[in-house]
Each structure stands twice: as C-alpha cells, then as structure tokens.
Amino acid sequence: GRPMLSATGHPGELILAWPANAAGFSLECATNLASTSWIPASPPPVAVGEWAVVTNKTDSDERFYRLRKP
C-alpha cells in the first residue's frame, strides 16, 4: 500500500515524515494542487529512526506535497 505522509507545523518550519521502509517513494512538491509539474522536494530526506524526514522553512509561497512512486 501507499505510505502515509505526515506534516507537522512549527513556527517557521514544516516537518514532513513517512516510513523509511517505503522503498521507491519520493517526496514531490508543487505550488498548485492540480499541477502536472510536480518537482522533487528539497532538501533530501534524512533517516530519523524508522522515518524519512524533510524539514522545510515556511514562507509566503503555498506548496503542496505528495509521495510518489514512479
């Protein structure tokens, strides 16, 4: 099945996490939910225990995130 992507907000940052054993899935982002131009999110994920974690700064740009397996 698909792994669950969790998002936690903290002042000035967004922490995204999913199970590290979700082989083949990558985090992508877009500024429009209906976009056909999703791009790889950065920075790359870091392993934290059993989780793959990405921390992004929040700014005025709206972003949407998804996990995708090509």
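Val46, Val48 and Trp51 make a nonpolar surface patch of about 280 Å². Such patches are built from residues with over 30% relative accessible area and no salt bridge, with nonpolar side chains (Val, Leu, Ile, Met, Phe, Trp, Tyr) joined within 5 Å and like charges within 9 Å. Accessible areas come from the Shrake-Rupley method with a 1.4 Å probe, and for residues only the protein chains shown count as cover. The model is predicted: local features need pLDDT of at least 70, side-chain atom pairs count only at pLDDT 80 or more, and totals for chains, interfaces and linings use all residues. Residues are numbered from 1 along each chain as its sequence is written, and side-chain values use heavy atoms, with hydrogens and water left out.

Val46 belongs to strand E5, residues 46-48. Strands (E, at least two residues) and helices (H or I, at least four) are DSSP runs numbered from the N terminus. Val46 counts as partly exposed because its relative accessibility is 49%. The classes are buried (under 20% relative accessible area), exposed (over 50%) and partly exposed (in between), with a 1.4 Å probe and protein chains only.

A search of the whole structure finds 2 salt bridges. A salt bridge here is a side-chain nitrogen of Lys or Arg within 4 Å of a carboxyl oxygen of Asp or Glu. Arg66 pairs with Glu28, and their closest N and O atoms are 2.8 Å apart. Arg66 lies in strand E7 (residues 64-68) and Glu28 in strand E3, so this pair ties together parts that are 38 residues apart in sequence. Arg68 also forms a salt bridge with Glu28, with 3.7 Å between the closest N and O atoms. Arg68 lies in strand E7 and Glu28 in strand E3, so here the parts tied together are 40 residues apart in sequence. Glu28 is buried, at 9% relative accessible area. Arg66 is partly exposed at 30%, and Arg68 is partly exposed at 34%.

The largest pocket holds about 150 Å³ of space. Pockets are found on a 1 Å grid over the protein atoms alone: a pocket is an open set of points with protein on both sides within 12 Å along at least five of seven lines, whereas in a cavity a 1.4 Å probe fits but cannot get out; lining residues have an atom within 4 Å of a point. Grid points are joined across faces, edges and corners, and the volume is the space filled by probe spheres set on the points. The lining has 13 residues, with Cys29, Ala30, Thr31, Ile39 and Arg63 nearest the centre. Strands E3 (26-30) and E4 (39-40) each supply at least two lining residues. By class, the lining has 6 nonpolar, 6 polar and 1 charged residues. Ala, Val, Leu, Ile, Met, Phe, Trp, Tyr, Cys and Pro count as nonpolar, Asp, Glu, Lys and Arg as charged, and the others, Gly among them, as polar.

Trp38 sits in the loop between E3 and E4. At 15% relative accessibility, Trp38 is buried. Its C-alpha atom is 9.6 Å from that of Leu27, 11 residues apart along the chain. A cis peptide bond joins Ser42 and Pro43, with omega about 0°. Most peptide bonds are trans. Pro43 is in the loop between E4 and E5. Asp59 is in the loop between strand E6 (51-57) and E7. Asp59 is partly exposed, at 44% relative accessibility. The C-alpha atoms of Asp59 and Pro43 are separated by 15 Å, and the two residues are 16 residues apart along the chain.
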